[in-house]
Amino acid sequence: MKFFIDTANLDQIREAQDLGVLDGVTTNPSLMAKEGISGDENVFNHYRAICEIVDGDVSAEVIATDFEGMVKEGEYLASLHPQIVVKVPAIKDGIKAIKYFSDKGIRTNCTLIFSAGQALLAAKAGATYVSPFIGRLDDISTDGLNLINDIRLIYDNYAFETQILAASVRHTMHLLQCAEIGADVMTGPLSVILGLLKHPLTESGLAQFLADHAKANS
Ligand code: E4P
């Protein structure tokens with residue numbers, strides 16, 4: 001399972017990269033805005049900076065919602081750095097753009113996936129990744145994990161190569177359940193990745209080991 005971090009915060013990206021388990025980064029316009037990044041040139045430079053920190057794929061989202069606009073923007077984003085994956089929303093023109101990018105060898109991440117049908121269309125268009133937003137489904141009292149299950153089943157039935165990128169992962173149980181289902185990738189905040197380490201028995205066990213070592217060596 002690949003671990004992506006879902007942020008545009010360079011310090012958090014560096015911290016996750018330093019841990020040695022980071023496979024990529026996802027961003028979206030809200031995450032860029034949260035870091036105060038605005039204006040085309042600043043946004044492009046920020047993507048370049050992220051690519052310099054990590055070794056893996058970095059999703060950069062188009063703002064245009066029409067086919068021509070998405071193609072123009074996506075081609076430019078892809079030209080910024082070989083690690084850039086063009087993030088395209090799951091709408092009609094988005095599916096057309098994904099097909100266009102796929103034919104040109106430009107990798108894509110189909111975002112804002114909330115149904116298995118959207119994921120099926122995106123895979124048929126040749127998306128590299130689909131991003132089902134499980135946390136946002138949970139927010140409206142719908143089990144987001146069922147969607148991951150459904151997409152896994154459909155993709156396996158037809159051997160689609162599109163990778164399931166579980167997005168809007170909010171806590172460690174989301175991550176672990178996605179791993180059990182077989183999501184190819186998860187993207188979440190740094191706190192979710194670090195949360196996997198938390199266990200009181202590890203903490204108390206280590207404290208005991210260190211105390212015993214200190215006593216024996218005093
Ligand atoms: C994924 O690519 C999105 O950026 C993200 O996971 C959305 O998460 P949120 O629902 O917590 O905003």
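Colleague: How do the axes of helix H3 and helix H4 cross?

Modeller: In this predicted model, the axes of H3 (residues 40-53) and H4 (residues 67-80) come within 9 Å and cross at roughly 45°. Axes are lines fitted to C-alpha atoms over the stretch in contact, with angles from 0 to 180 degrees between N-to-C directions. Helices are DSSP runs of H or I, at least four residues, numbered from the N terminus.

Colleague: Parallel or oblique, then?

Modeller: H3 and H4 are therefore oblique to each other. Under 35 degrees counts as roughly parallel, over 145 as roughly antiparallel, 65 to 115 as roughly perpendicular and the rest as oblique.

Colleague: Which residues meet there?

Modeller: Glu41, Phe44, Tyr47 and Arg48 in H3 meet Tyr76, Leu77 and Leu80 in H4, contact being heavy atoms within 4.5 Å.

Colleague: Changing topic, what surrounds the ligand?

Modeller: Asp6, Thr26, Asn28, Lys87, Phe133, Arg136, Ala167, Ser168 and Arg170 surround the ligand, each with a heavy atom within 4 Å of it.

Colleague: Which polar side-chain atoms lie 2.7 Å from a ligand oxygen?

Modeller: One belongs to Asn28 and one to Arg136. For Arg170, the distance to a ligand oxygen is 3.0 Å.

Colleague: And at what angle do H8 and H9 pack?

Modeller: H8 (residues 144-158) and H9 (residues 172-181) pack at about 20°, axes 10 Å apart. The two are therefore roughly parallel.

Colleague: What are the ground rules?

Modeller: Residues are numbered from 1 along each chain as its sequence is written, and side-chain values use heavy atoms, without hydrogens and water. Local features need pLDDT of at least 70 and side-chain atom pairs count only at pLDDT 80 or more, while totals for chains, interfaces and linings use all residues.

Terms used. A polar contact is a pair of N or O atoms within 3.5 Å; within protein, one must be able to donate a hydrogen and the other to accept it, and residues adjacent in sequence count only if both atoms are side-chain atoms.
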